[in-house]
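Open the model in your viewer and keep a selection tool ready.

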Amino acid sequence: MSDDAELAAIREKRMQELQGMQGQQQKQEEMMQQQQQAINGLLNQVLDQQARARLNTIMVAKPEKGKQVESVIVQMATSGQIGGKLSENDLIGLVERVNAQTQKTTTVKFDRRRAALDDDDDW
């Protein structure tokens, strides 16, 4: 009988731990949702309708690029660099600036040693 009591106590303790973890996850999710709502509200204030549509299209096509542009806009808005609403052309210029800063250069390396492994003496 004491084993059953110990087992029940262990189960109860574990359930409490799991419930605590779920509570923490819910709090984190709520905070993330609040932050996203604040960002969306700020973007709605700063961007006109066409620019907002363009940013949403970028977010769908390239989420990482969209997040970069979004963070730049939020940073500019919070620091007071944006006076009025940004138009679609302003957003395009901003996207081009972000692209120029994060442009990746690709290089192709050809390993000649591998090509030298093919031996024509076998023929």
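Start with the whole chain selected and contacts displayed (heavy atoms within 4.5 Å). Of the contacts with a separation of 6 or more, 68% are between residues 24 or more positions apart. This is a predicted model, in which local features need pLDDT of at least 70 and side-chain atom pairs count only at pLDDT 80 or more, while totals for chains, interfaces and linings use all residues. Numbering runs from 1 along each chain as its sequence is written, and side-chain values use heavy atoms, with hydrogens and water left out.

**Whole chain**

Colour by secondary structure. The chain shows five helices and zero strands; helices (H or I, at least four residues) and strands (E, at least two) are DSSP runs, numbered from the N terminus. The radius of gyration is 27 Å, well over the 14 Å from the globule rule for 123 residues, so the chain is more spread out than a compact globule. That radius is taken over C-alpha atoms, and the rule is 2.2 Å times the number of residues to the power 0.38. Along the principal axes, the C-alpha atoms fill a box of roughly 80 × 70 × 25 Å.

Switch to a surface. Its accessible area is about 10600 Å², and 50% of this belongs to carbon and sulfur atoms; the areas come from the Shrake-Rupley method with a 1.4 Å probe, and for residues only the protein chains shown count as cover. Of the 123 residues, 16% count as buried, where buried means under 20% relative accessible area, exposed over 50%, and partly exposed in between (1.4 Å probe, protein chains only).

**Helix H3**

Select residues 63–79, which form helix H3. The 17 residues should span 24 Å at 1.5 Å a residue, and the end C-alpha atoms are 24 Å apart, which agrees. The expected span is 1.5 Å times one less than the number of residues. Now show the side chains of Lys65, Gly66, Val69, Glu70, Ile73, Val74 and Met76, which are buried in H3. Which helices do the buried residues of H3 pack against? They pack against helix H1 (2–46), helix H2 (49–61) and helix H4 (88–101). Step past the end of H3 to Gly80, whose phi is positive, near 85°.

Centre on Glu70 in helix H3. Is Glu70 buried or exposed? Glu70 counts as buried, at 6% relative accessibility. Apart from neighbours within four places in sequence, Glu70 is in contact with Gln36, Ile39, Leu43 and Met59.

Move to Ile39, in helix H1. Ile39 is partly exposed, with a relative accessible area of 24%. With neighbours within four places again set aside, Ile39 is in contact with Glu70 and Val74. Draw a distance between the C-alpha atoms of Ile39 and Val74: the two residues are 35 apart along the chain, and these atoms are separated by 7.2 Å.

**Met76**

Finish at Met76, also placed in helix H3. Met76 is buried, with a relative accessible area of 16%. Beyond neighbours within four places in sequence, Met76 is in contact with Gln81, Ile82, Leu94 and Arg97. The C-alpha atoms of Met76 and Val46 are separated by 9.9 Å, with the two residues 30 apart along the chain.
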